Amino acid sequence: PGGSSHVHAHVSAAMAVMPVAVGTIGPSPLCVGARGGQALVGTRAPLERRQRQLVLPASLARHKTAEWSADRARTRRLPLLKVGTSLVATVAAAAARHAARLRSHTAGHASAAGGAEAGAAAASAAKPRRKLSSRLIRTLSGLVIGLGFCGPAVFYGTWPFTMMTVAVIAVAVLEYERILQSILSPPLAPILRYAHLTVSIGTILAAQLGVLTGIFECAAVALLVMLLVVQGNTKNPEGGAPISFGHISSQVFGVFYTGYLPAFWVRLRMISVPLASLNAVPTPFLQTCCSILHWPLNPTVGVFATSATAVCIIMSDTCAYLGGKRWGKTPLILVSPGKTREGMYCGMAGAVGTALFCNFAWGSPAHPAVATGIGFMIFCASLLGDLSVSAMKRDAGLKDAGSLIPGHGGILDRFDSYFFSAPTAYFCWYMYLKACGISWTPLLRS
């Protein structure tokens with residue numbers, strides 16, 4: 001198509017130089033034009049041109065005629081060559097475009113994959129990791145404490161259990177003193193905190209060594225003397241008296257709460273009356289559980305009463321929590337706004353049901369009615385301990401007594417139900433054994 005104008009120019013120049021003589025009857029000279037990209041033969045010339053005769057020399061006529069014929073042949077070949085060249089160029093251009101698209105497609109896939117990976121990495125970095133639910137954290141923490149520390153300590157003997165109790169009470173004393181720091185003004189002197197820790201641990205060790213009377217009284221008197229001597233000579237920044245009634249009562253109650261009451265766990269574990277004297281034999285289920293956990297099974301009333309009391313407290317707290325979440329509507333007490341009556345009923349049912357199950361698993365050492373009564377008493381004592389700590393924390397303006405146990409808070413938050421439960425269970429079993437006529441070491445001895 002691009003060569004038709006070129007051919008037309010050559011033919012026009014030849015026609016201008018050499019008008020060919022034609023006859024009046026023959027066809028007129030051919031005029032090459034362009035239409036639709038093709039070389040076409042034009043129409044005949046006007047009549048007057050056909051009638052004219054131009055005479056040229058023969059040599060010039062032959063030369064021009066040959067030149068014109070060559071131009072005509074070249075004119076016919078040029079479109080074919082142009083078409084072939086255009087076709088080759090088109091094919092080459094299409095191949096180049098296809099190669100370019102292929103490269104861009106490959107690069108696009110690579111960049112998309114890289115972008116996806118980079119986007120996923122950025123999204124994972126930007127998006128915060130999903131945290132475990134609080135209920136799952138509470139459950140895992142409870143399993144670790146129960147199966148990893150408290151359970152083996154109960155079954156392995158009195159001294160391992162006593163050392164575990166000392167460790168728990170040591171942290172509980174520090175949390176108790178932290179509560180007092182938020183309540184008392186002026187705060188207690190640091191030496192009084194360590195004195196409180198010493199007398200609490202000494203009370204528990206005394207119970208393990210068989211000193212059951214006089215230890216609480218001596219500890220309380222020692223703390224009061226130190227309070228008067230140390231705190232009485234401390235200046236109050238606010239200008240008031242350095243010692244108030246709150247200072248005195250907090251020290252006496254502290255020894256009672258973190259020393260005297262926990263010592264009953266040691267006393268309960270030390271009851272060495274065999275279960276055989278109550279016609280009880282541990283069931284195969286219990287023996288299998290102890291075998292799986294690799295815990296030695298010593299069938300005594302002390303092991304049974306200690307483990308059953310702990311399990312009753314755990315199930316009471318769990319049932320009260322779940323029942324309050326599901327059905328809780330009526331508040332129980334203003335001291336602890338989160339507790340409800342419905343949760344309390346669920347906790348009581350959990351404690352009683354667990355007491356009956358433990359009594360059955362250990363071979364029914366007690367009558368079912370006695371087991372039901374002991375389960376109910378343990379529930380009441382555990383609720384009292386829970387509400388006591390809630391009142392102390394509320395007065396101090398604290399949500400948790402500590403943060404040692406994930407999902408629970410501190411030691412006082414987790415073991416608050418245990419403080420009043422141990423003496424309750426101890427006296428229940430003491431009265432039951434006495435009613436059964438079983439000879440046993442007296443409750444109080446020097």
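Biologist: Which residues does Lys 339 touch, leaving out those up to four places away in sequence?

Modeller: Lys 339 touches Thr 330, Pro 331, Leu 332, Asp 386, Leu 387 and Ser 390, with residues up to four places away in sequence not counted. Keep in mind that this is a predicted model. Lys 339 sits in strand β4, residues 336–340.

Biologist: Now the nonpolar core. Which residues touch the most other members of the largest one?

Modeller: The general idea comes first. In soluble globular proteins, nonpolar side chains tend to be buried together. Here the largest nonpolar core has 72 residues. Tyr 257, Val 301, Leu 412, Phe 415, Phe 419 and Trp 429 touch the most other members. Helix α5, residues 158–183, gives the most to this core, with 10 residues. Another core, of 6 residues, lies apart from it, and its members include Ala 195, Phe 216, Ala 219 and Leu 223.

Biologist: What does Phe 419 touch, beyond residues up to four places away in sequence?

Modeller: Phe 419 touches Ile 169, Ala 172, Tyr 257, Thr 258, Leu 261, Pro 262 and Leu 412.

Biologist: Next, helix pairs. How do α11 and α12 cross?

Modeller: Two packed helices are described by the angle between their axes and the distance between the axes. Take α11, residues 301–327, and α12, residues 341–361. Their axes come within 7 Å and cross at roughly 150°. Angles over 145 degrees count as roughly antiparallel. So α11 and α12 are roughly antiparallel to each other. The crossing of α11 past α12 is right-handed.

Biologist: Which residues meet between α11 and α12?

Modeller: Among them are Phe 304, Ala 308 and Gly 323 in α11, and Gly 343, Gly 350 and Ala 355 in α12. By class, this contact has 12 nonpolar, 8 polar and 1 charged residues.

Biologist: And at what angle do α6 and α7 pack?

Modeller: Helix α6, residues 190–208, and helix α7, residues 215–230, pack at about 170°, with axes 10 Å apart. They are therefore roughly antiparallel to each other. Residues that meet include Leu 192 and Val 199 in α6, and Leu 223 and Met 226 in α7. The contact of α6 with α7 has 11 nonpolar, 3 polar and no charged residues.

Notes
Residues are numbered from 1 along each chain as its sequence is written. This is a predicted model: local features need pLDDT of at least 70, side-chain atom pairs count only at pLDDT 80 or more; totals for chains, interfaces and linings use all residues. Side-chain values use heavy atoms; hydrogens and water are left out. A nonpolar core is a set of buried Ala, Val, Leu, Ile, Met, Phe, Trp, Tyr and Cys residues joined through side-chain atoms within 4.5 Å. Buried means under 20% relative accessible area, exposed over 50%, partly exposed in between (1.4 Å probe, protein chains only). Helices (H or I, at least four residues) and strands (E, at least two) are DSSP runs, numbered from the N terminus. Contact means heavy atoms within 4.5 Å. Axes are lines fitted to C-alpha atoms, for helices over the stretch in contact, and angles run from 0 to 180 degrees between N-to-C directions. Angles under 35 degrees count as roughly parallel, over 145 as roughly antiparallel, 65 to 115 as roughly perpendicular and the rest as oblique. A crossing is left-handed if the near helix is turned anticlockwise from the far one by less than a right angle, and right-handed if clockwise. Ala, Val, Leu, Ile, Met, Phe, Trp, Tyr, Cys and Pro count as nonpolar, Asp, Glu, Lys and Arg as charged, and the others, Gly among them, as polar.
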